[in-house]
Amino acid sequence: CPEGGVPAKAIGPINSWWIAGFDGGERGLLGITTAFGEYFLMNPSDQYAPILENLLVKMYLSKIVIEYLTDHLDAIYEDLLNTIQTTPPPDSLPSAKFT
């Protein structure tokens, strides 16, 4: 279990899931809400790791797009695509490719 984390099992059903943002880092904060409380997901079980990795890639891609469009109000589509294609994925997503 990661430092500061608490293993959880059978806390469902999940009522909703949400993204809390990147908090200045390269990994997004993903959470779930159940009848018992709200939880930040730290590390998935082996069973759910592939699903979570796909979601984290999409979250990071969204981060690239939002940051680019925020910084370049006169952006054109081709420049945005170039930024996406030339931004290396973070170390936490080694298998991600944005091409």
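Let me start with Ser 92, which counts as partly exposed because its relative accessibility is 37%, where partly exposed is the range between buried, under 20% relative accessible area, and exposed, over 50%, with a 1.4 Å probe and protein chains only. This is a predicted model, in which local features need pLDDT of at least 70 and side-chain atom pairs count only at pLDDT 80 or more, while totals for chains, interfaces and linings use all residues. Residues are numbered from 1 along each chain as its sequence is written, and side-chain values use heavy atoms, with hydrogens and water left out.

Ser 92 lies in the segment after α2; helices here are DSSP runs of H or I with at least four residues, strands are runs of E with at least two, and both are numbered from the N terminus. Leaving aside residues up to four places away in sequence, Ser 92 touches Glu 26 and Arg 27, a contact being heavy atoms within 4.5 Å. Between Ser 92 and Glu 53 there are 9.4 Å in space, C-alpha to C-alpha, although they are 39 residues apart in sequence.

Arg 27 comes up again with Leu 52, which touches Arg 27, Leu 30 and Pro 44, again not counting residues up to four places away in sequence. Leu 52 and Leu 30 also belong to the largest nonpolar core, which has twelve residues in all; such a core is a set of buried Ala, Val, Leu, Ile, Met, Phe, Trp, Tyr and Cys residues joined through side-chain atoms within 4.5 Å.

What does a search of the whole structure find in the way of salt bridges? It finds one, a salt bridge being a side-chain nitrogen of Lys or Arg within 4 Å of a carboxyl oxygen of Asp or Glu. The partners are Lys 63 and Glu 67, with their closest N and O atoms 2.9 Å apart, and both lie in helix α1, four residues apart, about one turn of the helix. Lys 63 counts as buried because its relative accessibility is 16%, whereas Glu 67, at 40%, counts as partly exposed.

Finally, Thr 33 lies in strand β2 (residues 29-34) and counts as buried, at 16% relative accessibility. Its side chain makes a polar contact with the side chain of Trp 18 (2.8 Å), meaning a pair of N or O atoms within 3.5 Å; within protein, one must be able to donate a hydrogen and the other to accept it, and residues adjacent in sequence count only if both atoms are side-chain atoms.
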